[in-house]
Amino acid sequence: MKTCPFCREEIPQDASVCPICNEKLSTQKTKVCPFCKEEILSSSKVCPVCGEKLAEHIKININKKILRITLSVFVAIVLLVFGCERYLRWESSYMQKIPYHEYVESYENNMTALETLEKINQQTNSLEKYLKGLHLPHFKEKAFLRYYENLKYYTEVLDYNLSVGMWDFGSIAGISTINVNGVLVSASVTREMHDGYPTTQINEPFIEKPMTKTIKLVYSGEGMYSPVINYVYLNDEYYSKHLTTRSQKYLAIRAKQQEDLGGATYYIDGALNVTRLKLIDWIGEFQKFLSKYKGNDYLNSCAKESLKTYVSDFMYSTYNTFDFSTNKLRPEAKAGYETFLEKINKNTKEYEVVKKAYDILKKNNYTESAEFFNYVKSYKQ
């Protein structure tokens with residue numbers, strides 16, 4: 001049995017026409033009243049059984065659903081904002097562990113080599129631990145760049161401390177502290193004043209392994225070694241895979257340049273330790289880098305500074321520009337200028353600078369002149 005939706009009388013289950021009110025049942029759509037749960041016509045706005053208004057109930061249900069959705073979205077936004085805030089605090093707490101260095105003009109107040117190496121090792125270990133963590137790429141990049149800036153500064157301080165100590169002790173004593181792999185094996189640095197100049201002394205065992213992962217000693221001339229950033233290590237996949245494409249490219253350029261120097265410094269005994277043809281390649285690489293990656297942050301500033309140094313040294317560097325006996329431009333230097341003007345993009349500032357220098361040389365019959373030196377000097381400034 002079932003209930004007729006019109007007269008509400010019980011009728012046979014298979015009836016297609018109500019035997020009481022004669023209404024056709026098969027064409028009529030029905031629904032269940034949400035209040036009394038009785039079957040009624042779909043077109044009914046008021047339940048004929050309980051008398052409840054169905055249209056208002058639908059509106060109320062819709063309003064309740066909208067309210068629930070709105071509250072859910074609001075709660076989700078609050079949780080997201082709170083979570084981001086906590087996450088940023090967590091990230092910032094690490095950044096505070098790598099403070100920016102405080103540059104001190106007077107080397108007398110700088111750290112000793114021991115203290116400098118300890119600082120570098122602490123920050124290197126801290127960075128590598130951080131890179132392994134679940135941090136956003138942006139923060140990993142930021143942490144690395146701050147570390148890199150400090151590393152450059154500490155390397156300069158370390159270079160001053162060690163080179164002075166080795167020089168004051170004499171080249172033989174200096175060499176005896178370093179093995180053929182550029183590893184400092186026996187030294188300790190203390191400070192004293194000698195004739196008004198800060199000096200260092202090597203007087204006890206110091207370290208019996210490479211200085212740090214990111215610093216290595218390379219030959220700088222006259223039996224001396226100088227500490228430099230180990231870009232080959234920094235360019236290793238361990239670091240690169242955590243950094244942006246820009247930083248990866250920068251480290252790759254630096255590592256290649258370091259390999260080109262063959263385990264020595266950029267200058268050896270005051271002379272440039274790289275050919276002009278190689279400088280052309282270096283200049284071209286940094287031109288492409290700066291053209292692709294715009295900005296004035298620390299990494300780009302380092303690239304711009306190096307680019308200017310390379311162009312300046314290309315135009316003039318001691319011992320490999322003019323012949324000392326004739327004051328004429330050396331043939332290899334002239335060939336380097338011509339290759340530069342052929343290979344480097346003519347629409348760049350570097351091309352214009354070198355082109356003008358070459359024009360000055362040509363005007364003076366390729367002889368060194370005050371005009372040429374003043375031009376190079378003005379570019380350096």
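User: Does Val81 count as buried or exposed, and at what relative accessibility?

Analyst: This is a predicted model, in which local features need pLDDT of at least 70, side-chain atom pairs count only at pLDDT 80 or more, and totals for chains, interfaces and linings use all residues. Residues are numbered from 1 along each chain as its sequence is written, and side-chain values use heavy atoms, with hydrogens and water left out. Buried means under 20% relative accessible area, exposed over 50%, and partly exposed in between (1.4 Å probe, protein chains only). Because its relative accessibility is 54%, Val81 counts as exposed.

User: Which helix holds Val81?

Analyst: Helices are DSSP runs of H or I with at least four residues, strands are E runs of at least two, and both are numbered from the N terminus. The element that contains Val81 spans residues 54-95 and is helix α1.

User: Does Ile11 count as buried or exposed?

Analyst: Ile11 belongs to strand β2, residues 10-11. Since its relative accessibility is 0%, Ile11 counts as buried.

User: Which residues is Ile11 in contact with, leaving aside its neighbours within four places in sequence?

Analyst: Contact means heavy atoms within 4.5 Å. One of the partners is Met1, which stands 10 residues from Ile11 in sequence and 5.6 Å from it in space, C-alpha to C-alpha. With those neighbours set aside, the contacts of Ile11 are Met1, Lys2, Cys4, Cys18, Pro19, Ile20 and Leu25.

User: What percentage of the residues of the protein count as buried?

Analyst: The protein has 12 helices and 10 strands. Of its 381 residues, the buried share is 41%.
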